[in-house]
Structure formats: C-alpha cells, structure tokens
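I opened this notebook to record what I looked up in the structure. The entries follow in the order of my reading.

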Amino acid sequence: MNNVLYYSKITFDNGSIWVLGTDKDIYYIGGYNSGFNDLSLWAKKKYPAYELIGDDQILETAVEEMKSYFDGKLTDFSFEVDYSYGTPFQQKVWHALQEVPYGETVTYTDIANQIGRPDAVRAVAGAIGANQLLIAIPCHRVIGKNGKLVGYRGGIEMKESLLKLES
C-alpha cells in the first residue's frame, strides 16, 4: 500500500456521512453529520503515517452502494471492509454483527452467545461501541434486552432512522 487513505462525503436526505478507505477496502464510515474532523482524528490515531486525500472515484463502489442503501434499494454491500485495527475479540464481535440479517435485530446477549462468550455481554457492548464501520458492520441492529434502542456511536436518532429504513 502506498500510505494513502481516500475519503468521500455522502450527502442524502437525513444529512451526510464520511467514508474512508483504499481502492480495496473501506476502513471507516461515520455517523450522520459527523465532521471531517472526526474522520481525520480517527485516521491519524490508527494510521499516523497515512496521507488523507479526497477522492470520490476511488471510493465509487462504496459511495454508490451506500446511496442505494439509503434509497432503500440495497440490503447487502459488496465492498470489502477492513477492521484489522480491532482486537481479536472485537473482530469476532464485528464478524458476528455482519451475520445479522437486514431488517432484523438482536440483543447484546444474542451476540455474546453467538461468539461463545455468554459471560461477556459488557465486553460485547464495548466492542460494538468501537465499531468504526457504521452500517457496513450493522451495529444499529443491536438493541437492549428490553427491546429499547440503546447505545450507538452515530446517535440514537441515526439508529432509529436506520432500523426504520430496514423495516
């Protein structure tokens, strides 16, 4: 890799989100109306030697698929995500999240059970909170045991909006 990460801003009815990646993988998808500063700070922390360059063409597949998702026309993404920055436990949780079907919800306990760690519900919640690939790793599909919408890096309003879109 040539130490360059590309970014693009996607604007839609509810606001905008930032996408960051390479010509092969997506590394970061921000929350509604998150600023460029959020993306930049995350990138500099995880990939300090990388240069950030705005480029809609390099990220065209991810951008187009995200737009189609927000238009209600796409339920699965073909672009690759890279979550190698996470710990092995986080990666296990994120992989489990990718198996939650479009339009369905699960609880933190369900994910803990799925990864074979029923005693680690709080750790699962922490791993979900560390997910930097909103929507592509669908942590918005995780709800509280009581059925309530809880904790989401993009905000409860975004979580509610995504679940409504998928219903």
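Predicted model: local features only at pLDDT ≥ 70, side-chain atom pairs only at ≥ 80, totals over all residues.

Entry 1: I then looked up the bounds: the domain assignment of the chain places domain 1 at 4-80 and domain 2 at 86-166. For their contact, I found 18 residues from domain 1 and 14 residues from domain 2. I also noted that the C-alpha centres of the two domains lie 20 Å apart.

**Entry 2: the interface.** I recorded a buried area of about 1,300 Å² between domain 1 and domain 2, with 66% of it on carbon and sulfur atoms. On the side of domain 1, I29, Y32 and Y69 lose the most area to domain 2, and together they make up 44% of what that side buries. I listed five residue pairs in polar contact across the interface, both residues at pLDDT 80 or more. The elements giving two or more residues to the domain 1 side are β3 (25-29) and α2 (60-70). Of the elements, β3 gives the most to that side, with four residues.

**Entry 3: K159.** Where does K159 sit? I found K159 in helix α6, residues 156-166. K159 is buried and yet has no salt bridge; E160, the nearest side chain of opposite charge, is 11 Å away. Leaving out residues up to four places away in sequence, I noted that K159 touches Y108, C139, H140, V142, I143, L149, V150, G151 and Y152.

Conventions
Residues numbered from 1 in each chain as written. Heavy atoms only, no water. Buried < 20%, exposed > 50% of the residue type's maximum accessible area, 1.4 Å probe, protein only. Lys, Arg positive; Asp, Glu negative; His and termini not counted. Salt bridge = Lys/Arg side-chain N within 4 Å of Asp/Glu carboxyl O. Contact = heavy atoms within 4.5 Å. Domains from an automatic or database assignment. Buried area = accessible area lost by both parts, 1.4 Å probe. Polar contact = N/O pair within 3.5 Å; in protein donor to acceptor, adjacent residues only side chain to side chain.
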